[in-house]
Amino acid sequence: MKEKPHDLIIIGGGPAGLTSALYAGRAGLVTLILEKSTWGGKLLFTERIENYPGFFEPVFAYKLAEEMKKQAEKFGAELREEEVIEIDLKGKEKIVITHQERIYRSLAVVIATGTRHKELGVPGEMELLGKGVSYCGTCDGPLFKDKEIIVVGGGDTALEETIFLSRFAKRIILIHRRDKLRGTKLLQEKIFSLKNLEISWNSVVTEITGKERVEGVKVKNLKSEKEEFLSCAGVFIFIGVKPETGFIKERIKLDGEGFIITDDKLQTSQEGIFACGDVRRNSLKQIVNACAEGALAAKSVEKYLEEVRDG
Ligand code: NAP
């Protein structure tokens, strides 16, 4: 189905995309924003946000996402829940094709598709996904009340999620491959004060086992090379993120990990296609930065459209 052309199509409805839509709307651009699953994106993988300026008390992530969405709508952006599978180019026109077989056209595109979790790649992980294996503590934590669980990872996400999960679980074993955590100091302090947490340093999960559901994990100590079986009801994996750029990888320059390379106006290697937020190479993965980049991308689009239309 062919739609009337927009000035700008934004792909991704997290903080970067929604802020871009807000700024584009206020600049009078006819803006469409497409989101494949949930408005707020990765924001919704957290319960409360402590480091978004303007909120002395932590703000609920779902609330912040809801307000960002309403604000984008208020200034005229059209929001649709569709997954983009391809972008074609016809001269200066961008043709955006969605999974729902709709075709949208615009002169400018902003990619704000963010990232998704990495997988461990061990036996049992995929087989037991949703049966005790999870990548989202905020979503699944309450299902593990009074149970023993394993968390894998040592970055900010693993630490934040462990703190959240500690409210439900009877006992958590955090498995980290080094002897030092990567996450922020403040989160480390909170982690070390948890009563129901043990840390297994220099260790990796080699297998997740269970018939119908997770029953335990095999863990190998990288120093001693010894392997042991730990019984648990759930395994939460937070070992970093990878960019959501599969749909665009043929069209624009990406770095070795698939993150989008842009110039300082956030334009990609393809004229008229911009990128902002976590999906961009070297972007500081913080909500406040995603919003700032969303604003800059919209400003750059505004200027780009003026230049194209002035010929
Ligand atoms: P991350 O910072 O890349 O941390 C990933 C963690 O997983 C690291 O501790 C890493 O170990 C470990 N790891 C990676 N691959 C592994 C493997 N195959 N097996 C076992 N362990 C593995 O990822 P993240 O925690 O998802 O955070 C992503 C970005 O978002 C970061 O920039 C982070 O600061 C940001 N973030 C910020 C907040 C906040 O400000 N509140 C919250 C969440 C995320 P090593 O340490 O040995 O590399």
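By a cavity I mean a set of grid points where a 1.4 Å probe fits but cannot get out, and its volume is the space filled by probe spheres set on the points. Please keep in mind that this is a predicted model.

The structure holds 1 cavity of 30 Å³ or more, and the space in the largest cavity comes to about 30 Å³. Its lining is made up of Glu-148, Ile-149, Ile-150, Arg-171, Ile-173, Ser-231 and Cys-232. Two strands, β11 (148–152) and β12 (171–175), each provide at least two of the lining residues, and β11 gives the most, with 3 residues. By class, the lining of this cavity has 4 nonpolar, 1 polar and 2 charged residues.

**α1 and its two partners**

Next, have a look at α1, which spans residues 15–26. Its axis and that of α2 (residues 61–74) come within 8 Å and cross at roughly 30 degrees. Angles under 35 degrees count as roughly parallel, and α1 and α2 are therefore roughly parallel to each other. Their crossing is left-handed. On the α1 side, Pro-15, Leu-18, Ala-21 and Leu-22 make the contact, and they meet Ala-65, Met-68, Lys-69, Gln-71 and Ala-72 of α2. This contact has 7 nonpolar, 1 polar and 1 charged residues.

How does α1 pack against α6, in angle and in distance between the axes? The angle is about 40 degrees, and the axes lie 7 Å apart. Here α1 makes a right-handed crossing with α6. From α1, the residues involved are Pro-15, Ala-16, Thr-19, Ser-20, Tyr-23 and Ala-24. They meet Ile-287, Ala-290, Cys-291, Gly-294, Ala-295, Ala-297, Ala-298 and Lys-299 in α6. Sorted by class, the contact of α1 with α6 has 10 nonpolar, 3 polar and 1 charged residues.

Two or more lining residues come from each of α1, α2 and α6 (287–310). Which element gives the largest share of this lining? That is α2, with 5 residues. The lining divides into 11 nonpolar, 2 polar and 1 charged residues.

**One more helix pair**

Finally, there is α4 (residues 156–165) with α5 (residues 185–192). Their axes come within 10 Å and cross at roughly 40 degrees, so α4 and α5 are oblique to each other. As with α1 and α2, the crossing of α4 and α5 is left-handed. In α4, Asp-156, Leu-159, Glu-160, Thr-162 and Ile-163 meet Leu-187, Gln-188, Lys-190 and Ile-191 in α5. That contact has 4 nonpolar, 2 polar and 3 charged residues.

Happy browsing, and do write back with any questions.

Best wishes

Notes. Residues are numbered from 1 along each chain as its sequence is written. This is a predicted model: local features need pLDDT of at least 70, side-chain atom pairs count only at pLDDT 80 or more; totals for chains, interfaces and linings use all residues. Side-chain values use heavy atoms; hydrogens and water are left out. On a 1 Å grid over the protein atoms alone, a cavity is a set of points where a 1.4 Å probe fits but cannot get out, and a pocket is an open set with protein on both sides within 12 Å along at least five of seven lines; lining residues have an atom within 4 Å of a point. Helices (H or I, at least four residues) and strands (E, at least two) are DSSP runs, numbered from the N terminus. Ala, Val, Leu, Ile, Met, Phe, Trp, Tyr, Cys and Pro count as nonpolar, Asp, Glu, Lys and Arg as charged, and the others, Gly among them, as polar. Axes are lines fitted to C-alpha atoms, for helices over the stretch in contact, and angles run from 0 to 180 degrees between N-to-C directions. Angles under 35 degrees count as roughly parallel, over 145 as roughly antiparallel, 65 to 115 as roughly perpendicular and the rest as oblique. A crossing is left-handed if the near helix is turned anticlockwise from the far one by less than a right angle, and right-handed if clockwise. Contact means heavy atoms within 4.5 Å.
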